[in-house]
Amino acid sequence: MLTNISLDVNKAKAVDAPRTISKSGQYIGTIAQAEMHETQSGANMLGLVFMGEDGSTTFLNLCLTTGDGKETFNMGVLHAMMHLLEVPEIQVVPAKVKNRKGEIENGHRVPALEKKRIGLLLQRVDDVYNDKQTYNLNIVSVFDP
(Lines give C-alpha, C1' and ligand atoms only; values in the text may rest on other atoms or scores of the structure.)
Protein backbone atom coordinates (compact mmCIF):
# COMPACT_ATOMS: atom_id res chain seq x y z
CA MET A 1 0.00 0.00 0.00
CA LEU A 2 1.31 3.47 -0.86
CA THR A 3 1.01 6.13 1.84
CA ASN A 4 1.87 9.75 2.34
CA ILE A 5 4.98 10.44 4.41
CA SER A 6 5.46 13.53 6.55
CA LEU A 7 8.91 14.95 7.10
CA ASP A 8 10.56 13.89 10.37
CA VAL A 9 13.58 16.18 10.81
CA ASN A 10 15.04 14.03 13.61
CA LYS A 11 15.14 11.00 11.30
CA ALA A 12 16.77 13.12 8.60
CA LYS A 13 19.45 14.38 11.01
CA ALA A 14 20.18 10.85 12.23
CA VAL A 15 21.22 9.81 8.72
CA ASP A 16 23.87 12.53 8.58
CA ALA A 17 24.99 12.15 12.20
CA PRO A 18 28.76 11.84 12.61
CA ARG A 19 30.10 8.57 13.93
CA THR A 20 31.33 8.84 17.50
CA ILE A 21 34.48 7.27 18.86
CA SER A 22 33.32 5.33 21.91
CA LYS A 23 35.75 2.43 22.38
CA SER A 24 39.26 2.04 23.77
CA GLY A 25 41.93 1.78 21.12
CA GLN A 26 44.44 3.49 18.87
CA TYR A 27 43.10 6.26 16.65
CA ILE A 28 44.78 8.37 13.99
CA GLY A 29 43.34 11.72 13.02
CA THR A 30 43.51 15.45 13.64
CA ILE A 31 42.57 17.81 16.42
CA ALA A 32 39.80 19.87 14.85
CA GLN A 33 39.49 22.19 17.85
CA ALA A 34 41.60 22.79 20.95
CA GLU A 35 39.96 25.06 23.49
CA MET A 36 41.06 26.09 26.95
CA HIS A 37 38.75 27.03 29.79
CA GLU A 38 38.75 27.38 33.54
CA THR A 39 36.20 25.63 35.74
CA GLN A 40 34.34 27.32 38.60
CA SER A 41 36.80 25.70 41.02
CA GLY A 42 39.77 27.20 39.11
CA ALA A 43 40.94 24.05 37.31
CA ASN A 44 42.44 24.56 33.85
CA MET A 45 40.89 22.34 31.20
CA LEU A 46 41.92 21.61 27.63
CA GLY A 47 38.99 20.49 25.49
CA LEU A 48 39.79 18.70 22.25
CA VAL A 49 37.58 17.78 19.33
CA PHE A 50 39.38 14.83 17.74
CA MET A 51 38.40 13.69 14.26
CA GLY A 52 39.55 10.25 13.17
CA GLU A 53 40.65 9.62 9.60
CA ASP A 54 37.42 7.67 9.04
CA GLY A 55 35.30 10.74 9.96
CA SER A 56 34.50 9.56 13.49
CA THR A 57 34.76 12.16 16.24
CA THR A 58 35.01 12.52 19.99
CA PHE A 59 35.26 15.27 22.58
CA LEU A 60 38.13 14.87 25.02
CA ASN A 61 38.61 16.89 28.21
CA LEU A 62 42.01 17.04 29.85
CA CYS A 63 42.27 18.58 33.30
CA LEU A 64 45.75 20.16 33.23
CA THR A 65 45.82 21.75 36.68
CA THR A 66 43.53 21.37 39.67
CA GLY A 67 41.79 24.31 41.33
CA ASP A 68 44.74 24.74 43.70
CA GLY A 69 47.22 24.86 40.79
CA LYS A 70 48.67 21.33 41.01
CA GLU A 71 49.55 19.73 37.69
CA THR A 72 47.80 16.49 36.73
CA PHE A 73 48.87 13.50 34.60
CA ASN A 74 47.25 15.26 31.65
CA MET A 75 49.85 18.02 31.75
CA GLY A 76 52.34 15.32 30.75
CA VAL A 77 49.99 14.22 27.96
CA LEU A 78 49.89 17.83 26.71
CA HIS A 79 53.70 18.06 26.74
CA ALA A 80 53.92 14.74 24.85
CA MET A 81 51.52 16.15 22.25
CA MET A 82 53.57 19.34 21.98
CA HIS A 83 56.78 17.34 21.53
CA LEU A 84 55.26 15.04 18.92
CA LEU A 85 53.71 17.95 16.98
CA GLU A 86 56.92 20.00 17.28
CA VAL A 87 55.14 22.83 19.10
CA PRO A 88 57.65 24.51 21.46
CA GLU A 89 55.04 26.80 23.04
CA ILE A 90 51.29 27.15 23.02
CA GLN A 91 49.42 30.39 23.26
CA VAL A 92 45.83 30.64 24.35
CA VAL A 93 43.94 33.21 22.28
CA PRO A 94 40.40 34.57 22.47
CA ALA A 95 38.35 32.97 19.68
CA LYS A 96 35.01 31.46 18.74
CA VAL A 97 34.49 27.94 20.09
CA LYS A 98 31.95 25.31 19.03
CA ASN A 99 30.45 23.60 22.08
CA ARG A 100 29.10 20.04 22.31
CA LYS A 101 25.66 21.22 21.26
CA GLY A 102 27.13 22.66 18.05
CA GLU A 103 26.60 26.24 19.17
CA ILE A 104 29.27 28.87 18.53
CA GLU A 105 30.31 30.91 21.58
CA ASN A 106 33.15 33.11 22.77
CA GLY A 107 36.03 31.23 24.33
CA HIS A 108 39.75 30.58 24.08
CA ARG A 109 41.57 28.35 21.60
CA VAL A 110 45.02 26.85 21.19
CA PRO A 111 45.64 27.12 17.43
CA ALA A 112 49.12 25.52 17.60
CA LEU A 113 47.50 22.13 18.37
CA GLU A 114 44.81 22.28 15.70
CA LYS A 115 44.76 20.71 12.23
CA LYS A 116 47.77 18.47 12.81
CA ARG A 117 47.85 14.72 12.29
CA ILE A 118 48.37 12.73 15.49
CA GLY A 119 47.79 9.30 16.95
CA LEU A 120 45.97 8.86 20.25
CA LEU A 121 45.68 5.82 22.48
CA LEU A 122 42.28 6.22 24.13
CA GLN A 123 40.85 4.35 27.11
CA ARG A 124 37.11 4.19 27.73
CA VAL A 125 36.01 4.64 31.35
CA ASP A 126 32.37 3.80 32.06
CA ASP A 127 30.54 5.98 34.58
CA VAL A 128 27.08 6.77 35.94
CA TYR A 129 25.92 10.39 35.96
CA ASN A 130 22.47 11.39 37.27
CA ASP A 131 21.43 7.70 37.19
CA LYS A 132 22.35 7.51 33.50
CA GLN A 133 25.03 5.22 32.09
CA THR A 134 27.76 7.30 30.43
CA TYR A 135 31.46 7.12 29.63
CA ASN A 136 34.57 9.23 29.19
CA LEU A 137 37.54 8.67 26.94
CA ASN A 138 40.96 9.36 28.42
CA ILE A 139 44.15 9.89 26.45
CA VAL A 140 46.60 7.28 27.72
CA SER A 141 49.35 8.13 25.26
CA VAL A 142 50.09 9.87 21.98
CA PHE A 143 52.03 8.45 19.04
CA ASP A 144 53.36 9.43 15.64
CA PRO A 145 51.01 7.94 13.05
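Modeller: Before we start, a salt bridge here is a side-chain nitrogen of Lys or Arg within 4 Å of a carboxyl oxygen of Asp or Glu. Also keep in mind that this is a predicted model.

Colleague: Fine. How many salt bridges turn up in the whole structure?

Modeller: A search of the whole structure gives four. One of them pairs Arg117 with Glu53, where the closest N and O atoms are 2.9 Å apart.

Colleague: And where in the chain do Arg117 and Glu53 sit?

Modeller: Arg117 is in strand β6, residues 117-129, while Glu53 is in the loop between β2 (44-52) and β3 (57-65). The two are 64 residues apart, so this pair links distant parts of the chain.

Colleague: Is Glu53 buried or exposed?

Modeller: Glu53 counts as exposed because its relative accessibility is 53%, and the cut-off for exposed is over 50%. Arg117 comes out at 46%, so it counts as partly exposed.

Colleague: Which side chains meet in another of those salt bridges?

Modeller: Arg109 and Glu114 do, at 2.9 Å from N to O. Both Arg109 and Glu114 are buried. Then there's Arg124 with Asp126, at 2.7 Å from N to O. Arg124 is partly exposed, with a relative accessible area of 33%.

Colleague: Why would side chains like that pair up at all?

Modeller: Side chains of opposite charge can pair when their charged atoms come close.

Colleague: OK, and the charges overall? How many positive and negative side chains does the chain have?

Modeller: There are 15 positive and 17 negative side chains, and the centres of those two sets lie 7 Å apart.

Colleague: Let's look at β4 and β5. How do they run, parallel or antiparallel?

Modeller: Antiparallel, with six bridges joining β4 (residues 93-98) to β5 (residues 104-109).

Colleague: What's between the two strands?

Modeller: Five residues, and β4 and β5 form a hairpin around them. Gly102 is in that turn, with a positive phi of about 85 degrees.

Colleague: Where does Glu86 lie?

Modeller: Glu86 lies in the loop between α2 (73-84) and β4, and at 70% relative accessibility Glu86 counts as exposed.

Colleague: And Lys115, buried or exposed?

Modeller: Lys115 is exposed, with a relative accessible area of 67%. You'll find Lys115 in the loop between β5 and β6.

Colleague: Last bit, the whole chain. How much of the protein chain counts as buried?

Modeller: Of its 145 residues, 32% count as buried. The chain exposes about 9,900 Å², and carbon and sulfur atoms supply 51% of that area.

Colleague: What box do the C-alpha atoms fill?

Modeller: Roughly 65 × 35 × 30 Å, taken along the principal axes.

Colleague: And what share of the contacts comes from residues 24 or more positions apart?

Modeller: Those account for 46% of the contacts with a separation of 6 or more.

Conventions
Residues numbered from 1 in each chain as written. Predicted model: local features only at pLDDT ≥ 70, side-chain atom pairs only at ≥ 80, totals over all residues. Heavy atoms only, no water. Pairing = 2+ DSSP bridges. Helix = DSSP H or I, 4+ residues; strand = E, 2+ residues; numbered from the N terminus. Buried < 20%, exposed > 50% of the residue type's maximum accessible area, 1.4 Å probe, protein only. Contact = heavy atoms within 4.5 Å. Areas by Shrake-Rupley, 256 points an atom, 1.4 Å probe, with all protein chains shown as cover. Lys, Arg positive; Asp, Glu negative; His and termini not counted. Charge placed at Lys NZ, Arg CZ, Asp CG, Glu CD.
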